[in-house]
Amino acid sequence: MTRYTDVVFAPIDYDLALERVAGGNETEVYRSDDGRYVAKLKHELGGSRDAALAQARQMRDAAEAFASCLGPGYAIPSYYLLARESSGRVQILVLQPFLRDARALADLDYRSMTPEERRWLGRHLLTIIRRAEAMYRETGSMPDLYGRTSASKEERRRNRSPLNLPRRLWSFLVERTLLRSHNLMRTGDLARPVTLVDYDFVRQGRLYRRVYFLVRKLLFYRDRIAIRAVLGL
């Protein structure tokens, strides 16, 4: 267990130390001591109080739009706090319920499932794709259903190096189908069988976003083929 100590955790933790449980392309993820919540922190963001507040409002609005797109059966709530970290920067702390028994789709062994379980999961994934496509048609945007992981800040910086661009493109276009998603989790809860846990929005410019989401839309055809082939639909 790796614990990190920083005053940024003061709003939710007395000893200011939380266990790191995951990391993504931009985010470090920590678990509260009582096991009820995860706290997500983007160390590259923040700054002044006004800058952090503006960023938090953008993040909240995007999360609400993505959650509305998918519906309550496939989304969880996110809460946004401003807190000052030890360096003095004001940061955005994102709180979500900790899904104790949930597993990322990337960690599932599909071969161990019964045919009924595979078809059940496949139907939910196809529903999620349809809802993301509907949002894309209406707004030109959609939630990130895939995600990436990193074991540390150092690994995340290495992954974002230009030298890693060919490997990242191969992963983006070929390897990371929806069945290997890190952002979608199977929960075991009948009311919320599969849920999105990452509600980040794309921060790059308009042209980048248009190309990125168009490619994502086209990759859904690949995902449908993979879902039908692996899950037996």
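In this predicted model, the side chains of Arg3 and Asp33 meet in a salt bridge, with an N to O distance of 3.3 Å. The pair links distant parts of the chain. Arg3 lies in strand 1, and Asp33 lies in the loop between strand 3 (28-31) and strand 4 (37-41), 30 residues apart. Asp33 is partly exposed, at 46% relative accessibility. Arg3 is also partly exposed, with a relative accessible area of 35%.

Arg3 forms a salt bridge with Asp15 as well, at 3.6 Å from N to O.

Through shared partners, salt bridges join Arg3, Asp15 and Asp33 into one network. The count of salt bridges comes to 13.

Helix 1 (residues 49-70) packs with helix 2 (residues 115-139) at an angle of about 130°. Their axes are 8 Å apart. The two helices are therefore oblique to each other. The crossing of helix 1 past helix 2 is right-handed.

A nonpolar patch on the surface is formed by Leu169, Trp170, Leu173 and Val174. Together these residues have about 380 Å² of accessible area. Leu169 is placed in helix 4 (residues 165-175). Its relative accessible area is 44%, so Leu169 is partly exposed.

Notes
Residues are numbered from 1 along each chain as its sequence is written. This is a predicted model: local features need pLDDT of at least 70, side-chain atom pairs count only at pLDDT 80 or more; totals for chains, interfaces and linings use all residues. Side-chain values use heavy atoms; hydrogens and water are left out. Patches are made of residues with over 30% relative accessible area and no salt bridge: like charges are joined within 9 Å, nonpolar side chains (Val, Leu, Ile, Met, Phe, Trp, Tyr) within 5 Å. Accessible areas come from the Shrake-Rupley method with a 1.4 Å probe; for residues, only the protein chains shown count as cover. A salt bridge is a side-chain nitrogen of Lys or Arg within 4 Å of a carboxyl oxygen of Asp or Glu. Helices (H or I, at least four residues) and strands (E, at least two) are DSSP runs, numbered from the N terminus. Buried means under 20% relative accessible area, exposed over 50%, partly exposed in between (1.4 Å probe, protein chains only). Axes are lines fitted to C-alpha atoms, for helices over the stretch in contact, and angles run from 0 to 180 degrees between N-to-C directions. Angles under 35 degrees count as roughly parallel, over 145 as roughly antiparallel, 65 to 115 as roughly perpendicular and the rest as oblique. A crossing is left-handed if the near helix is turned anticlockwise from the far one by less than a right angle, and right-handed if clockwise.
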